[in-house]
Amino acid sequence: GWSESILMEDGSILFDLEHKKRFAALHQVDWAASLNRFFTKTHREVHSMWGFLASTHRVWLVHGLLFALGLTLAVKNPDHIDYG
């Protein structure tokens with residue numbers, strides 16, 4: 001996981017330290033090696049319908065708004081009803 005990818009300058013892993021010593025050791029982290037974009041996964045891919053909705057919600061929102069706008073512009077008041 002991601003906890004194994006945070007490397008210290010001496011090559012050890014930050015999360016191998018005791019929990020209370022980790023913050024004090026952050027200045028010894030080799031950030032260039034730890035955040036190398038070819039080896040570090042920065043997100044978790046979700047393979048579900050919720051993940052699909054989360055990744056495409058803007059498309060559905062724009063589609064719905066354009067559909068409502070189209071209905072509003074296309075539908076006229078019926079001629080046989082007297083609105084007053």
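**Figure 1. S34 is a buried residue of helix α1.** Because its relative accessibility is 2%, S34 counts as buried; buried means under 20% relative accessible area, exposed over 50%, and partly exposed in between, with a 1.4 Å probe and protein chains only. S34 is found in helix α1, which spans residues 31–34. Helices (H or I, at least four residues) and strands (E, at least two) are DSSP runs, numbered from the N terminus. The side chain of S34 reaches the backbone nitrogen of L7 at 2.8 Å. A polar contact is a pair of N or O atoms within 3.5 Å; within protein, one must be able to donate a hydrogen and the other to accept it, and residues adjacent in sequence count only if both atoms are side-chain atoms.

This is a predicted model, in which local features need pLDDT of at least 70 and side-chain atom pairs count only at pLDDT 80 or more, while totals for chains, interfaces and linings use all residues. Residues are numbered from 1 along each chain as its sequence is written, and side-chain values use heavy atoms, with hydrogens and water left out.

**Figure 2. The largest nonpolar core contains V29 and A25.** This core has 5 residues, namely I6, M8, L14, A25 and V29. A nonpolar core is a set of buried Ala, Val, Leu, Ile, Met, Phe, Trp, Tyr and Cys residues joined through side-chain atoms within 4.5 Å. When residues up to four places away in sequence are not counted, V29 touches I6, L7, M8, E9, L14 and S34; contact means heavy atoms within 4.5 Å. A25 is placed in the segment before α1 and counts as buried because its relative accessibility is 6%. With neighbours within four places in sequence left aside, A25 is in contact with M8, L14 and L17. The C-alpha atoms of A25 and L14 are 7.6 Å apart in space, whereas the two residues are 11 apart in sequence.

**Figure 3. I13 and R22 both have places in the segment before α1.** I13 counts as partly exposed because its relative accessibility is 23%. Between I13 and V29, which are 16 residues apart along the chain, the C-alpha separation is 8.8 Å. R22 is also partly exposed, with a relative accessible area of 21%. Leaving aside neighbours within four places in sequence, R22 is in contact with L14, F15 and L17.

**Figure 4. K21 and E18 form a salt bridge.** The closest N and O atoms of this pair are 3.5 Å apart. A salt bridge is a side-chain nitrogen of Lys or Arg within 4 Å of a carboxyl oxygen of Asp or Glu, and by this rule the count comes to 1. K21 counts as partly exposed because its relative accessibility is 45%. E18 is likewise partly exposed, with a relative accessible area of 44%.

**Figure 5. A nonpolar surface patch includes W60, a residue of helix α2.** The patch is made by M49, W50, F52, L53 and W60 and has an area of about 640 Å². Patches are made of residues with over 30% relative accessible area and no salt bridge: like charges are joined within 9 Å, and nonpolar side chains (Val, Leu, Ile, Met, Phe, Trp, Tyr) within 5 Å. Helix α2 covers residues 49–74. W60 counts as partly exposed because its relative accessibility is 47%. T56 is also found in helix α2, yet T56 is buried, with a relative accessible area of 17%. The side chain of T56 reaches the backbone oxygen of F52 at 2.7 Å.

**Figure 6. The protein chain has 2 helices and 0 strands.** Of its 84 residues, 12% are buried. The chain exposes about 7800 Å², with 65% of this area supplied by carbon and sulfur atoms. Accessible areas come from the Shrake-Rupley method with a 1.4 Å probe; for residues, only the protein chains shown count as cover. Among contacts between residues at least 6 apart in sequence, 11% join residues at least 24 apart.
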